[in-house]
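The sequence and the model come next.

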Amino acid sequence: MEVHVRNLHEGATEKQTKQYFKPILARLNIHVFHCQKPRNKGFANITIPDRALAQKFLALHGQIKPGREGFMLVKQKLFHHGKPVNCTQSNNAADDFILKSLERERKDKQLAGRRGLLASSATKRQPLQRSFSGHLSAIGSLDYEGNHLVVVDYYRIRGTCQMKFLRRSVLIEFFATRPSDPIRQMEISYNSIESLLVGTSAHPYVTFALAEAPRCFEKAAPVDDAVSQLFDRLALHPRKDNRNPPKRRRMTAIDATHQAIVGSCLCYSFQVEPGHIKIITSLQRLPGYPSVVPWRVGYAIKLPFTQQMTQLNTALSAERYQEFSFTVKFQLQRLAQNGYLPPYKVLQLMQAMKGTFADADQSILATALRRFSNQIPYAGPGVDATDLSPATLLELLVEAHDHLLRENEYSVDLTRPYEHLADIHKITVTPAGVYLYGPEPEVKNRVLRQYSAFTSHFLQVTFSDEDGEPIRYDRRSSLETIYAERFKKVLSGNLSICGRPYEVRLIHEPL
């Protein structure tokens, strides 16, 4: 049986967590168990092979009802670094491979006890496999169906792919359906992985929940033309710039359909061979690799993401919500566009806010929404479905709003006493998407001083990479598509924020 433990100290390692539970389980005659504690997470999964002993543990330390009331009913309460520990039976069945390993460990200990020595093996460690074949099963976001964690499938790419775990990133290469088609690649940095969920051999799926959009590339198909290769060999004085041309070019997305969701849908699920699940899980012991969370994730189909965004943008422009200021609507669009919440949940939150904050100060409400966005938990194994329900989200927003009023942190607008400052909304344009930030106090330039009564009609636009850093030169990749198409299109076109069109213009900063 698998026991799910919550509210552990996030800084505790897997070894420290196992040492904490070892004497507790030993009192119940449980000497063989498996503990999985992801790094920097406040939960763990404990697998106990004997179901009767596991139920005995839950009878003493298990929590049936959620919250403080349920913890008070626990017979023998557990505390970890001063925090109450919540132990419940996991929704997922125990992994068959782990159960077999624990059974083997139990037999080895019995055999070692009879012989009076510990069994040891001196087998030579084999290099781990880092390349795995499979196919992309879903691109979307993590959400909940009832109490079960699911991947909302908004798009999937047909065909097989190769997943390679490199030193600092995962490189996914999609095989071309025709020999003349280019090879598409997607690179996921380990630093951008929020959760790496791995299924079982019966459910062999690997799911990446990301904090930022992946980098996409296109590699030209290999040329088999013998005449072209002959001319390349006969070139006596090739140009210096073409001696080592880039092998691939940076793209905004894998294809046109992926382009519409790549900036906000940050969950990618892959199906691999059943025998590769164990190997992928073992990679986490290597330095620099992300921690793996064994978790069976389901799949769900909802309204397409583009239609959800269309509904949200229509609502933000409708007269029904005209009592909300532009700054408040900016924060609401930011929740969906930056990937904090799905658009349909933002729409539900707007409907609930209409009655709750009917007479609220719009400046305070906008600041509360900014603080609220940083308090929204990421959907994942350590988060309960009720934490992201519309009622809980509204309660969290009300708490942030009341906290601002109690602390009197927004009694006076910081920009009012100073004529040279103005609150400016900001957007960041990356190869994958457009993200909203601010507003932040900025020193007025000549343009803002001339139109000081309309500062909310100006945006500060920044161009950067997905991690917020400038796009740097890469000798292996061409950035022509990003600069000549993606960024140039933004500079020569218009941006629509909350139904308000903006024209992007280059202005010298000292103005």
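N29 counts as exposed because its relative accessibility is 53%; buried means under 20% relative accessible area, exposed over 50%, and partly exposed in between, with a 1.4 Å probe and protein chains only. N29 has a positive phi of about 65° although it is not a glycine, and its place is the loop between α1 and β2 (34–36). Helices (H or I, at least four residues) and strands (E, at least two) are DSSP runs, numbered from the N terminus.

N7 also has a positive phi of about 65° without being a glycine. N7 lies in the loop between β1 (2–6) and α1 (14–26), and it counts as partly exposed because its relative accessibility is 31%.

## Basis of the model

The model is predicted: local features need pLDDT of at least 70, side-chain atom pairs count only at pLDDT 80 or more, and totals for chains, interfaces and linings use all residues. Residues are numbered from 1 along each chain as its sequence is written, and side-chain values use heavy atoms, with hydrogens and water left out.

## The mixed sheet

An open sheet is formed by 3 strands in the order β20-β19-β21, with mixed pairing; two strands pair if DSSP finds at least two bridges between them. β20 (434–443) and β21 (459–463) are the edge strands, each pairing on one side only. Strand β19 (residues 421–429) pairs with β21 in the parallel sense over 5 bridges. The bridge partner of K426 in β21 is Q460.

## A cis peptide bond

The peptide bond from G438 to P439 is cis, with omega near 5°. P439 is placed in strand β20.
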